[in-house]
Amino acid sequence: MNQPPVNRTEAFVLAVCKRSFLSLWCDNNPQGKNASKELCDILVVCDPHVVIISVKEIQYQTDKDPDVANKRWERGAIDESVKQIYGAERWLANATRVVRKDGSLGLRLPPLETRRVHRIAVAIGGKGEVPIKPGDLGKGYVHILTERGFEDLLTELDTITDLIKFLAAKEACTSAGCKTLVLGPEKNLLGYYLLNNKKFPADVDVLMIDNTFWPGLTEREDYKRKKEADKISYDWDRLIEQYIGPNKELLGEPEGQFTGMELALRVMAREDRLSRRMLAGAMREFVEQAMNSPFRSRTMCGDSGAIYVLIFFKPTEDRDHRLAVLNDRIGLARHTIGKGDTVIGIGFVESEPDTIDVCELGYLDAMGWSTEDDASAERLKAERNFEARLTRQSVTELEYPAG
């Protein structure tokens with residue numbers, strides 16, 4: 001479980017991270033070499049990605065000569081963060097698990113050969129007086145952000161998948177030799193990325209991004225339509241959060257102890273915002289139809305590659321029956337679709353008139369799916385006549401809807 005933050009600054013960063021990552025990937029103040037050695041402020045692990053976040057708040061000395069004040073602030077707010085980040089990365093290279101602040105074991109770290117490390121330094125207190133210059137500062141690219149820049153970034157890219165795609169694109173652009181000059185807030189860079197099909201150019205030496213890109217994006221009608229269309233996607237977030245909210249201590253166990261529910265929620269949280277929009281829309285439509293229809297099951301696929309099976313149960317069906325049906329249906333869905341490593345079942349029930357609750361979550365790791373599993377699913381389909389009651393839906397949607 002996440003431990004209480006040490007100070008106001010860390011509390012702010014942790015709150016933004018938990019909102020964006022849905023509490024599933026963050027550990028604050030994990031241990032380094034020993035119990036008294038803090039590795040970094042926030043460590044995010046979402047295989048194969050590891051995000052190391054260091055936060056420093058240094059007050060800018062307005063009573064000093066600007067050259068002196070700038071250097072002192074950079075030394076305390078940026079240089080110290082970068083030093084901590086590189087040190088954390090060295091330690092993690094020889095570690096296999098996250099060690100939480102309380103000494104308990106956290107998530108398993110991705111293997112070094114597949115691990116992708118992203119480095120974020122959040123520098124607070126500069127009051128806009130000191131230019132922020134991210135880049136490779138000796139041992140890998142570091143994203144250097146102000147408090148506002150960090151919040152802007154994780155507010156717009158508020159899923160782990162959307163954030164990682166942006167960080168990776170920015171790093172790839174720099175590694176290709178492109179020097180980026182950003183005028184104004186960091187969100188102008190984000191505006192450029194979103195306006196250019198979530199890409200940065202790979203064949204230019206210098207990329208000049210002026211102060212018009214973010215307003216140029218947010219004033220567009222298709223962007224406004226996107227934001228309106230995205231509203232339903234937060235049904236997906238709420239579905240996850242009802243299991244991992246502040247009163248639900250289900251998550252955070254070492255990987256080997258994960259329950260099927262925890263594994264299902266982690267897969268669901270990998271869906272990006274557009275995928276969540278489509279999944280949540282299909283989910284809402286299914287529930288509305290299932291209340292007045294004999295067809296009580298639907299399968300759909302997320303952009304992550306996961307298969308989702310939605311099932312509507314009658315209030316009179318007890319939990320043992322629901323779990324048995326859920327397990328049967330997720331196996332049949334994998335057989336019917338013919339591919340996919342993960343299948344998740346979501347059960348709904350009308351708990352009282354006009355009130356629908358999620359009653360069950362099921363998880364199937366289908367990486368080892370075999371011809372014997374196919375044969376078993378065929379027998380089950382014939383025995384229970386599932387074929388006639390199983391509907392599939394394929395949804396395609398523009399991220400920026402046309403008018």
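Reader: Which residues touch the most other members in the largest nonpolar core?

Author: Ile53, Phe150, Trp236, Met268, Tyr308 and Ile346 do. That core has 71 residues. Keep in mind that this is a predicted model.

Reader: Take Met268. What does Met268 touch, leaving out residues up to four places away in sequence?

Author: Trp236, Leu239, Ile240, Arg276, Tyr308, Ile344, Ile346 and Leu361.

Reader: What other core lies apart from the largest one?

Author: A core of 25 residues. Ile78, Ala95, Ala123 and Val142 are among its members.

Reader: Switching topic. How many helices and strands are there in the protein chain?

Author: The chain has 12 helices and 15 strands. Its radius of gyration is 24 Å, close to the 22 Å from the globule rule for 403 residues, so the chain is as compact as a globular protein of that length.

Reader: And what box do the C-alpha atoms fill?

Author: Roughly 80 × 55 × 40 Å, along the principal axes.

Reader: Contacts next. Of those between residues at least 6 apart in sequence, what share joins residues at least 24 apart?

Author: 66% of them in this chain.

Reader: What about the accessible surface?

Author: About 19,500 Å² for the protein chain. Carbon and sulfur atoms account for 50% of that surface.

Reader: Last one, charges. How far apart are the mean positions of the positive and negative charges?

Author: They are 3 Å apart, with 56 positive and 64 negative charges in the chain.

Methods: Residues numbered from 1 in each chain as written. Predicted model: local features only at pLDDT ≥ 70, side-chain atom pairs only at ≥ 80, totals over all residues. Heavy atoms only, no water. Helix = DSSP H or I, 4+ residues; strand = E, 2+ residues; numbered from the N terminus. Rg over C-alpha atoms; globule rule 2.2 N^0.38 Å. Contact = heavy atoms within 4.5 Å. Areas by Shrake-Rupley, 256 points an atom, 1.4 Å probe, with all protein chains shown as cover. Lys, Arg positive; Asp, Glu negative; His and termini not counted. Charge placed at Lys NZ, Arg CZ, Asp CG, Glu CD. Core = buried A, V, L, I, M, F, W, Y, C linked by side-chain atoms within 4.5 Å. Buried < 20%, exposed > 50% of the residue type's maximum accessible area, 1.4 Å probe, protein only.
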